[in-house]
Amino acid sequence: MKQFLFKKCLLALGLYLFFTVIIPVPIAGNSIIAKASTVDEDQNAIKLNVSSKSIVKDTTYALKIYNILDSHKVSYKSDSASIATVDDKGTITAVDFGKAIITVTVKDGLKTIATLECEVTVGPPAISVILTKSEVTMTVGSKTSLTAILKPNNTVEEAKFSSNNPEVASVSAGGRITAKKAGSTYIFASIGNGKYDMCKVTVVEEDVDTGIAN
């Protein structure tokens, strides 16, 4: 009888250890909760406004760096000063055709906390610009895109778009037109040497059947 009771005690002890040690039971107030901290880290990470940039020879471009503190020390360096130089404020000057890497180092005291890079491509300016559309008709609220063809083909310059009357139709930096209200305006695409091309935009109300180009 005693032997039987002893075996029962051993069995009960074994079950107790199994459920409390091998398979722990969650205790109220001690549960572990995973936190999505990576979202905040990405938003607050030190970063540049661009990781690559094409610049016309003999022009400048200012790099911007986000999420640094007043106590941080930022330095800039070009791996090819014959192609592109950079000053202590992050302003890049395009010297000659080719590619260069601008390295940005951020230090907190003696500790480097971030090393960032921007690939710079220096190329020729555009000498001419032509829009693929000379006239479009749109309904209020619709959108369409203009494409500017620049010569020479290897230019790194980009056309600058503008609207003569943005209240009728506005245009984005990439040539995306948004029709705002009925009327007409001109969208211009210009380049650095002063040359430009234009497209007439006519905006009509939705119930007018005019063969809209979207």
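**View 1. Methionine 198 is partly exposed in this predicted model.** Its relative accessibility is 38%. That value lies between the 20% and 50% limits, so methionine 198 counts as neither buried nor exposed. Methionine 198 sits in strand E18, which covers residues 196-204. Together with Tyr186 and Tyr196, Met198 makes a nonpolar surface patch. The patch has an area of about 310 Å².

**View 2. Valine 50 lies in a loop between two strands.** Valine 50 has a relative accessible area of 21%. Buried means under 20%, so valine 50 is classed as partly exposed. Leaving aside neighbours within four places in sequence, valine 50 contacts Tyr61, Leu63 and Cys118. Lysine 64 is 14 residues away along the chain, with 8.0 Å between its C-alpha atom and that of valine 50.

**View 3. The largest nonpolar core has 21 residues.** Leu63, Ile65, Ile92, Val104 and Val120 have the most contacts inside this core. Strands E6 (84-86), E7 (91-94), E8 (98-108) and E9 (111-123) each supply at least two of its residues. E9 gives the largest share, five residues.

**View 4. Valine 104 touches residues from several stretches of the chain, among them Leu48, Val74 and Ala114.** Leu63 and Ile65 are also touched by valine 104.

**View 5. A second, separate core has 20 residues.** Its members include Ala159, Phe161, Val168 and Ile191.

Methods
Residues numbered from 1 in each chain as written. Predicted model: local features only at pLDDT ≥ 70, side-chain atom pairs only at ≥ 80, totals over all residues. Heavy atoms only, no water. Helix = DSSP H or I, 4+ residues; strand = E, 2+ residues; numbered from the N terminus. Buried < 20%, exposed > 50% of the residue type's maximum accessible area, 1.4 Å probe, protein only. Contact = heavy atoms within 4.5 Å. Patch = residues over 30% accessible without salt bridge, like charges linked within 9 Å, V, L, I, M, F, W, Y side chains within 5 Å. Areas by Shrake-Rupley, 256 points an atom, 1.4 Å probe, with all protein chains shown as cover. Salt bridge = Lys/Arg side-chain N within 4 Å of Asp/Glu carboxyl O. Core = buried A, V, L, I, M, F, W, Y, C linked by side-chain atoms within 4.5 Å.
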